[in-house]
Amino acid sequence: MAREKIVMIGAGSAVFTRGLVADMILRKWNCELALVDVRPESLTVAEGLVKKMIEAKGAPVTLTASTDRRAVLEGATAIICTVGVGGRRAWEQDVIIPRKYGIYQPVGDTVMPGGASRALRMIPAMVDVAKDVVDVAPDALFFNYGNPMTPVCRAVRKATGAHIVGLCHGVPGVARYLEAVLEIPRGELDYTAVGLNHLTWFVEARHKGRDMMPKLAELAATFVPHWAKAEAERQTQPVGLLQRHPFSWHLLHLFGAFPAVLDRHVVEFFPQFFREGRYYGRTLGKDVFSFEETVREGDRVFERMREDATSREPLRADYFDQFGGEHEQVLDIIESLRTGDRKIYSANLPNEGQVPNLPNDAVIESPAAALTGRLAPVSQPPLPAGVAGAVVSRLAWVEAVVEAALEGDRRKFVQGLVLEGSVPSLEIAEKLAADLIAAQAEFLPQFKVAKA
């Protein structure tokens, strides 16, 4: 494989940079890596840590770093964006502010008010990145990891035409979960998962040619009544693989397809069932799927990265054993695209007819084959009516939020909050929109001249 020049934009990420570099090094890639972040402090940490990782293994990776992405984009063969505008402090506001109105989010980066608020920050920034990519490195592979995945990728393509590909580890992760449930060896489940990011439905599952969907349906049919009784009795300490994600198994029982990425994300697409955050006797984002703990762990990870980057000591001998690498499969995908090996990956791409009963041009997550230089969506049969309905309703929300972010239109932001379904009244939608825009004002220059 020819020598790659990888440009990583948003390199101050607490997770992605370290994992990506570890995978490069362990694969013995001979490549150039350019790190970009608009925050000098974060970039210094990332550069220092990556330099020590390269030195620890004597890896043939040439490293550069810059706060100016255009300065390093020339000659890029692949661009990977892990941008998170405002970082964890802005993310906290996305989740905490809606709690004033009785809206509880375990994640708040994909849908619900938190996902919409995050989109307002992310979309203009990613559109600017995409314009530079089109101008300076139009032939480079262009990947996005940033959330909300679907609105970001849709907005970038709509505004710039850039051929951005969204990647997420959710679908492969749920495949491993289902393998554990079915008690089959890891990596042996063949599956098809179609939908939109963080609500991607496993519509097929096979093991050595045997259809495993009936077995999953049987498990759900046995489990759901038991869990309903447990909920009534307020047994609030679920254990076991099924009990950890009761709502996902309920949806399999109802729709005949299993939703990724399990309850922590999936519940946010059905907020009407979790008013005031009530979830099987607990409260979403508080005492189950704790949002605060997620943020604290991100802060702890970054501090450990800072300590490792700035210490005078070399990295520990077991440093590369401390974490699992990068899970979005981007290096596998790059290798496959260079050889055209036609391997199948889960990717977020526009619907060009590969899913016939979803809207054309909508960004959907579905199987794609690696051809030489591009990922090509694999044609699918129509989704079951219920599954398609669950996806289409969210795609309408995506369009409203994308327009709000691109146009700086407060009214369309309120529309998005209304369409999403967690806000209990039009009055609260207006107040919540005002609160979120005010809290994130430094990251929302497009709203300085927002429409009334």
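**Close-up 1. Pairing of strand 13 with strand 14 in the predicted model.** In this view of the predicted model, P350 stands opposite V363, a residue of strand 14. The two strands, strand 13 (residues 344-350) and strand 14 (residues 363-371), pair in the antiparallel sense over 7 bridges. Strand 13 is largely enclosed by the rest of the structure, because 6 of its 7 residues are buried. In a regular strand the side chains alternate between the two faces of the sheet.

**Close-up 2. Helix 7 and the residue that follows.** Helix 7 comprises the 13 residues 170-182, which at 1.5 Å a residue should span 18 Å, and the distance of 18 Å between its end C-alpha atoms agrees with that expectation. The helix is mostly covered, with 10 of its 13 residues buried; these are G170, V171, P172, V174, A175, Y177, L178, E179, V181 and L182. An α-helix has 3.6 residues a turn, so residues three or four places apart point the same way. Just after helix 7, the backbone at E183 takes a positive phi of about 60°.

**Close-up 3. Surroundings of the largest cavity.** The count of cavities of 30 Å³ or more comes to 1, and the volume of the largest cavity is about 40 Å³. Its lining is formed by T110, V111, P148, M149, T150, P151, L196, N197, F269, W397 and V398. The elements that contribute two or more residues to this lining are helix 6 (149-160) and helix 14 (385-407), and helix 6 gives the most, with 3 residues. Sorted by class, the lining of the largest cavity has 8 nonpolar and 3 polar residues, while no charged residue takes part.

**Close-up 4. Cysteines C81, C153 and C168, in a structure that holds 0 disulfides.** The closest cysteine sulfur to that of C81 belongs to C153 and lies 9.7 Å away, which is too far for a bond, given that a disulfide requires two cysteine sulfur atoms within 2.5 Å. C168 is likewise in no disulfide, and the cysteine sulfur nearest to its own, again that of C153, is 11 Å away. C81 is buried, with a relative accessible area of 0%, and C168 also counts as buried, at 12% relative accessibility, because the limit for this class is under 20%.

Key
Residues numbered from 1 in each chain as written. Predicted model: local features only at pLDDT ≥ 70, side-chain atom pairs only at ≥ 80, totals over all residues. Heavy atoms only, no water. Buried < 20%, exposed > 50% of the residue type's maximum accessible area, 1.4 Å probe, protein only. Helix = DSSP H or I, 4+ residues; strand = E, 2+ residues; numbered from the N terminus. Pairing = 2+ DSSP bridges. 1 Å grid on protein atoms, 1.4 Å probe; cavity = no way out; pocket = protein on both sides within 12 Å on 5 of 7 lines; lining within 4 Å. Points joined across faces, edges and corners; volume = space filled by probe spheres on them. Nonpolar A, V, L, I, M, F, W, Y, C, P; charged D, E, K, R; others polar. Expected span 1.5 Å × (residues − 1).
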